[in-house]
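Reader: Before we discuss any detail, could you show me the sequence and the model?

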Amino acid sequence: MSHAKSREVTLPVKITDELGLSLDRLRQAWRENPASVPKGLSCSESKEGQFVLVAAESAFVTLPGACVIKGIGAIEMLGDDPLFEAGANSKSLLLKASPEGWKFSVKFVPPIVRERNAK
């Protein structure tokens, strides 16, 4: 039985001006000194030159209607649907700068469902 690979779900969010400024400050700090990025966050640049921030599961928390990134700020999420299945593992939050604005998504590994001895 093979295990399902990770999935990525785009988040419908509303970004505030304060969060946008925090992300821009983090991008600038990363360019000047990569060691200044807080623990649990990693920064990189895509082939297209877009800034990419990845927050590990330990650096963000999802609440009803919001997602809070440690040291950055809160993102208001639109809609009430759950982002990922209960029991999902290896969650990470991806933030990508694009010409249209910031894109947010969550990458996770769905829970393993074993159907052994089921009759």
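Author: The hairpin formed by E3 and E4 has five residues between its strands, and in its turn Gly49 has a positive phi of about 85°. Strands here (E, at least two residues) and helices (H or I, at least four) are DSSP runs, numbered from the N terminus. This is a predicted model, in which local features need pLDDT of at least 70 and side-chain atom pairs count only at pLDDT 80 or more, whereas totals for chains, interfaces and linings use all residues. Residues are numbered from 1 along each chain as its sequence is written, and side-chain values use heavy atoms, with hydrogens and water left out.

Reader: How many bridges join strand E3 to strand E4?

Author: Strand E3 covers residues 41-45 and strand E4 covers residues 51-56, and the two run antiparallel. Within this pairing, for which DSSP must find at least two bridges between the strands, Ser42 stands opposite Val54 in E4. The number of bridges that join E3 to E4 is five.

Reader: In what order do the elements of the protein chain run from the N terminus on?

Author: The protein chain has one helix and nine strands. From the N terminus on, the order is β-β-α-β-β-β-β-β-β-β.

Reader: Which residues form a nonpolar patch on the surface, together with Leu63?

Author: Leu63 has its place in strand E5, residues 60-63, and Leu63 is partly exposed because its relative accessible area is 42%, between the limits of under 20% for buried and over 50% for exposed (1.4 Å probe, protein chains only). The patch has about 210 Å² of accessible area together, by the Shrake-Rupley method with a 1.4 Å probe, where for residues only the protein chains shown count as cover. Besides Leu63, the residues are Val61 and Val68.

Reader: How far apart in space are Gly65 and Glu76, C-alpha to C-alpha?

Author: Gly65 is found in the loop between E5 and strand E6 (66-69), and Gly65 counts as partly exposed because its relative accessibility is 38%. Leaving aside neighbours within four places in sequence, Gly65 is in contact (heavy atoms within 4.5 Å) with Ile75, Glu76 and Met77. Gly65 and Glu76 are 11 residues apart in sequence, and their C-alpha to C-alpha distance is 6.0 Å.

Reader: Is Ser92 buried or exposed?

Author: Ser92 is found in strand E8, residues 89-98. Its contacts, leaving aside neighbours within four places in sequence, are Val54, Ala55, Phe60, Ser105, Val106 and Lys107. Because its relative accessibility is 15%, Ser92 counts as buried.

Reader: What is the count of disulfides?

Author: A disulfide is a covalent bond between the sulfur atoms of two cysteines, and the rule applied here asks for a pair of cysteine sulfur atoms within 2.5 Å. Cys43 is buried, with a relative accessible area of 15%, and Cys67 counts as buried at 1%. By this rule the count of disulfides is zero.

Note on methods. Patch = residues over 30% accessible without salt bridge, like charges linked within 9 Å, V, L, I, M, F, W, Y side chains within 5 Å. Salt bridge = Lys/Arg side-chain N within 4 Å of Asp/Glu carboxyl O.
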